[in-house]
Amino acid sequence: MEKRVSLIFDPRTKLFILLLCVIAASISPSLEYNLGLVLLVGITGMLCGKRRSALIGIAGYALLYALTVWTAGMTGTLKTTLLAAFGLFHKVYPCGMAGGLLISSTKVNEFMSALYRLRVPKKVIIPLAVMLRYIPAIREDWRYIKDAMRMRDVSPTLIGFIRQPVMTVECIYVPLLTAASKTADELSIAAVTRGIENPEPRTCLVRIQFRPADFIVASVFLLYAAAGFILGNYR
């Protein structure tokens, strides 16, 4: 079986990409520009080894793009309402993909070391580090709760909520909120136990440094954001 080769990007590069995605999405001059931005994020995700997630993200945006084009041919109040809702998704979608790539492809120790090198205050680093641990833990609890409730014929889908609203809230969402609160406390205690508040400089076994691939990817996103700014001014 052929082994997949993936590039390792500096966490600071991923943060820079996320920032550029926010800027590019906010000044996006057209749907085609947003589509190109999503493709760029998807290609970056594939380079990081997240091929399945990248393909799902691109396919999801292609569906959103098709729905938006189809809605543009409608008339009346429904068209205005749907276009306003889809417009919000178009702004958030690329940023969500870039944020998901940052979380899924970056280890907490690497992320913290990169932020320390950027001279970010600990008041910012500690909540971000806990958040990176928090999201996978909640996702795992959510999967366990869903599997357990399926044995009782309770589904977390919209149809299941419509059919059994009280049962769905009681058996799925209440345990999830309880688990979320407990997980937050456990992660905070674990972070303090591991010395997250230690005033000494943090060390990392992985060497955090910029490589040629970081420069190329950051330059591509920077040029794309600049192109969006120029196109937006010409319109």
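These questions and answers cover helix packing and the nonpolar core in a predicted model.

Trainee: Is helix H5 largely enclosed or largely open, and why?
Mentor: H5 spans residues 108-117. Among its buried residues are Val108, Phe111, Met112 and Leu115. Seven of the ten residues are buried, so the rest of the structure leaves H5 largely enclosed.

Trainee: Which helices do the buried residues of H5 pack against?
Mentor: The buried set also includes Glu110, Ser113 and Ala114. The packing partners of these buried residues are helix H1 (11-26), helix H4 (77-105) and helix H6 (122-150).

Trainee: Which residue just after H5 takes a positive phi?
Mentor: H5 itself ends at residue 117. Just after it, a positive phi of about 60° belongs to Arg119.

Trainee: How are H1 and H4 oriented to each other, and why?
Mentor: Their axes lie 8 Å apart, at an angle of about 175°. Angles over 145 degrees count as roughly antiparallel. H1 and H4 are therefore roughly antiparallel.

Trainee: How do the residues of the contact of H1 with H4 divide?
Mentor: H1 contributes residues including Leu15, Leu18, Cys21 and Val22. H4 contributes, among them, Lys91, Pro94, Ala98 and Gly99. The division is ten nonpolar, three polar and two charged.

Trainee: Which elements give two or more residues to the largest nonpolar core?
Mentor: This core has 24 residues, and Cys21, Leu37, Val41 and Phe221 touch the most other members. The elements giving two or more residues are H1, helix H2 (31-47), helix H3 (51-72), H4 and helix H9 (212-234).

Trainee: Beyond its neighbours within four places in sequence, which residues is Leu37 in contact with?
Mentor: Leu37 is one of the core members that touch the most others. With those sequence neighbours set aside, its contacts are Cys21, Ala24, Ala25, Pro94, Phe221 and Tyr224.

How values were computed: Residues are numbered from 1 along each chain as its sequence is written. This is a predicted model: local features need pLDDT of at least 70, side-chain atom pairs count only at pLDDT 80 or more; totals for chains, interfaces and linings use all residues. Side-chain values use heavy atoms; hydrogens and water are left out. Buried means under 20% relative accessible area, exposed over 50%, partly exposed in between (1.4 Å probe, protein chains only). Helices (H or I, at least four residues) and strands (E, at least two) are DSSP runs, numbered from the N terminus. Contact means heavy atoms within 4.5 Å. Axes are lines fitted to C-alpha atoms, for helices over the stretch in contact, and angles run from 0 to 180 degrees between N-to-C directions. Angles under 35 degrees count as roughly parallel, over 145 as roughly antiparallel, 65 to 115 as roughly perpendicular and the rest as oblique. Ala, Val, Leu, Ile, Met, Phe, Trp, Tyr, Cys and Pro count as nonpolar, Asp, Glu, Lys and Arg as charged, and the others, Gly among them, as polar. A nonpolar core is a set of buried Ala, Val, Leu, Ile, Met, Phe, Trp, Tyr and Cys residues joined through side-chain atoms within 4.5 Å.
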